[in-house]
Amino acid sequence: VVPSVEGLTATSATMRLHEPDCYDDWHTTETLAWTAMEAGIHETDAGVKFEIGSALVSGGGWMPVKFSAPIEGDVVVVPTIQSKTDEWTNLRIQKVTSTGFEVLLEAAKKNEHVKGSETVGFMAIPAGDGTIAGRKYHARLTPTEMTEAWRTYSFPATSNPRVFAGMTHNGGDTANLRMKGLTGSSLQFRVHEPSK
């Protein structure tokens, strides 16, 4: 499953979990971590600049997304679909730089393309630790080591953490990110390839 934001206003969001067509498009209940922030360039409490933005992205291949202003350091990008999708669509990212990134609207099956366009929202922030409005954050990039095996990652102790993540694209198979075992200082990730 992949989450998508299907309706967005200044005061609310309508979300759903979307399964590939090869499944029954019904899914049990899940907990979904999310945040809502105004679009634009923001600063952490320490003055580190980050961006909340969106772009209209067409299916069929990699699409460039430019930041409004350069972001210093190793940039962590977390994308999300913010429009009503007609088909299962997963987001993959690549070529992240200080000025932008590329995003792919990934279809459920290898060598197929998503038709049409989607609005992709994103947060882009330098890797590191800090606070935003007094709330702790920990932005990380893993080494290129993610596979179908669960891997544990640690972060500084945080009260009631929520996790948002994006995944690059290495190889040709459709895949999304799965998470489990979230505690106040660690979690587990793995890459999941639909098998039906």
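Reader: Which residues do ring pairs link into a cluster?

Author: Happy to start there! This is a predicted model, and the structure holds four aromatic pairs. Ring pairs join three residues into a cluster: Phe67, Phe101 and Phe122.

Reader: Are the planes of Phe67 and Phe122 stacked, tilted or edge-to-face?

Author: Let's look at the angle. Planes under 30 degrees apart count as stacked, and those over 60 as edge-to-face. The rings of Phe67 and Phe122 have centres 5.9 Å apart and planes at 45°, so this pair is tilted.

Reader: How many residues apart in sequence are the parts that Phe67 and Phe122 tie together?

Author: First find where each one sits. Phe67 is in the loop between β5 (63-66) and β6 (75-81), whereas Phe122 belongs to strand β9. The pair therefore ties together parts whose separation in sequence is 55 residues.

Reader: How many residues apart in sequence are the parts tied together by Tyr153 and Phe189?

Author: Tyr153 and Phe189 form a tilted aromatic pair, with 6.3 Å centre to centre and 50° between the planes. Tyr153 lies in strand β12 (residues 151-154) and Phe189 in strand β14 (residues 186-192), so the parts they tie together are 36 residues apart.

Reader: Which residues touch the most other members of the largest nonpolar core?

Author: A general idea first: in soluble globular proteins, nonpolar side chains tend to be buried together. Here the largest nonpolar core has 18 residues. Strands β4 (49-58), β6, β7 (90-94), β8 (100-106) and β9 each supply at least two residues of this core. The members that touch the most others are Phe67, Val77 and Phe101.

Reader: How many residues are in the other core, which lies apart?

Author: Some of its members can be named: Ile52, Val78, Ile125 and Ala139 are among them. This other core lies apart from the largest one, and its number of residues is eight.

Reader: With which side chain does the side chain of Glu118 make a polar contact?

Author: Glu118 is in strand β9 (residues 117-126). With a relative accessible area of 5%, Glu118 is buried. At 2.4 Å, its side chain makes a polar contact with the side chain of Ser83.

Technical notes. Residues numbered from 1 in each chain as written. Predicted model: local features only at pLDDT ≥ 70, side-chain atom pairs only at ≥ 80, totals over all residues. Heavy atoms only, no water. Helix = DSSP H or I, 4+ residues; strand = E, 2+ residues; numbered from the N terminus. Buried < 20%, exposed > 50% of the residue type's maximum accessible area, 1.4 Å probe, protein only. Polar contact = N/O pair within 3.5 Å; in protein donor to acceptor, adjacent residues only side chain to side chain. Phe/Tyr/Trp six-rings, centres within 6.5 Å; stacked < 30°, edge-to-face > 60°. Core = buried A, V, L, I, M, F, W, Y, C linked by side-chain atoms within 4.5 Å.
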